[in-house]
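Subject: Structure handover

Hello,

Here is the structure I promised to pass on. Please open it first, then read my notes below with the view beside you.

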Amino acid sequence: MANLINILDLSVEEIDRLMDLADDIMADPEKYNESCKHKILATLFFEPSTRTRLSFESAMLSLGGEVLGFSEAASSSSAKGESVADTITVVSGYSDIIAMRHPKEGAPVIGAEHALVPIINAGDGGHYHPTQTLADLLTIRHELGRMSGLKIGVCGDLKFGRTVHSLIEAMSRYDDNEFYLISPEELKLPGFVKNEYIIDKNIPYKETGSLEDCIGELDILYMTRVQRERFFNEEDYLRLRDCFILTEEKMKDAREDMIVMHPLPRVNEIQTAVDKDKRACYFKQTVYGKYMRMALILKLLEVEV
Ligand code: CP
């Protein structure tokens, strides 16, 4: 039984096939609208979400399946002290596939050890978010037409930003990509990502505290929110939350063919005035995310259409 805990659970070839399948679903959604009939997706969200949970649910409903689950830990028996292992064991009996989000890093690994059905990591603490990366990869392929030879700027909270960790893991497997790690000192990319996926692979990178200094070189600017929920004290969050704000003015220095991505939710880090810029791709990313999740559900349930 296959699970998706980390984006590296999928080979580059498997990701290519998922992107091809997502493209086919987008081109002809009716062909797939009964492909998961009588299948049940459980969405177990111990942490808040809008896009990930609802796009998973929309994906399963569009495949003709059913959904059940909870959207906050407080409405599940984890509020009474039930373990992740027991919750997953029980929900395995009610569903065919489970997407789970949890504030603790590694919780989906525990889930996978106890599940009788495929487990999808829908975000674990400040660790990984592989299905956001699937959405990001399809966005890059559609908007730029290539996955290699890209100068990729990741900006903001690189310490706690799990979408950045998974994106770097994924993009480090394609040739000739370079990373620009743009963050304040306190929110730099952690060693478990930087050492293994950039330094050990001899991938060129630059660490900087200035977006202005490098925006003109980038093919992709991946903005991120400062992750308030992962800070130990509010004072540090307030000091750092507005460290980078992308404005119309800053966009004047960017290349005409650069794309701006963001996993969302956005707080302050991209001014709403940038939304109308044709280079802004973050709302398109949310749509690509639904189709990649449809493709992933089909793959993990081994449904052939
Ligand atoms: N990108 C993302 O994970 O958004 P949500 O937190 O709304 O699911």
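The protein chain is split into two domains: domain 1 covers 7-128 + 288-300, and domain 2 covers 131-285. Keep in mind that this is a predicted model. The centres of the two domains, taken over C-alpha atoms, are 25 Å apart. Domain 1 puts 33 residues into the contact, and domain 2 puts in 29 residues.

**Where the domains meet**

How much area is buried between domain 1 and domain 2? The value is about 2,600 Å². Carbon and sulfur atoms give 58% of that area. Look for Ile7, Tyr128 and Tyr288 on the domain 1 side. These three supply 30% of the area that domain 1 buries against domain 2.

Asp20 forms a salt bridge with Arg141. Their closest N and O atoms are 2.9 Å apart.

Which elements supply the side of domain 1 that touches domain 2? Five of them each give at least two residues: helix H1 (12-27), helix H2 (51-62), strand S3 (97-102), strand S4 (119-124) and helix H10 (282-300). H1 gives the most, with 9 residues. By class, this side of domain 1 has 16 nonpolar, 9 polar and 8 charged residues.

**Pairs across the whole structure**

Now the aromatic rings. A search of the whole structure finds 3 aromatic pairs. Take Tyr128 and Phe192. Their ring centres are 6.0 Å apart and their planes stand at 85°, so the pair is edge-to-face. Tyr128 sits in the loop between S4 and helix H5 (130-144), while Phe192 sits in helix H7 (residues 191-199). The pair therefore ties together parts that are 64 residues apart in sequence.

Salt bridges come next. The whole structure has 26 of them. One joins Glu186 to Arg239, with the closest N and O atoms 2.7 Å apart. Glu186 lies in the loop between strand S6 (178-182) and H7, and Arg239 lies in helix H8 (residues 234-240). So this pair ties together parts that are 53 residues apart in sequence.

**Two backbone details**

Which bond joins Leu264 and Pro265? It is a cis peptide bond, with omega at about 5°. Find Pro265 in the loop between strand S9 (259-261) and H10.

Then go to Asp176. This residue is not a glycine, yet Asp176 has a positive phi of about 60°. Asp176 is in the loop between helix H6 (162-171) and S6.

Best wishes

How values were computed. Residues numbered from 1 in each chain as written. Predicted model: local features only at pLDDT ≥ 70, side-chain atom pairs only at ≥ 80, totals over all residues. Heavy atoms only, no water. Domains from an automatic or database assignment. Contact = heavy atoms within 4.5 Å. Buried area = accessible area lost by both parts, 1.4 Å probe. Salt bridge = Lys/Arg side-chain N within 4 Å of Asp/Glu carboxyl O. Helix = DSSP H or I, 4+ residues; strand = E, 2+ residues; numbered from the N terminus. Nonpolar A, V, L, I, M, F, W, Y, C, P; charged D, E, K, R; others polar. Phe/Tyr/Trp six-rings, centres within 6.5 Å; stacked < 30°, edge-to-face > 60°.
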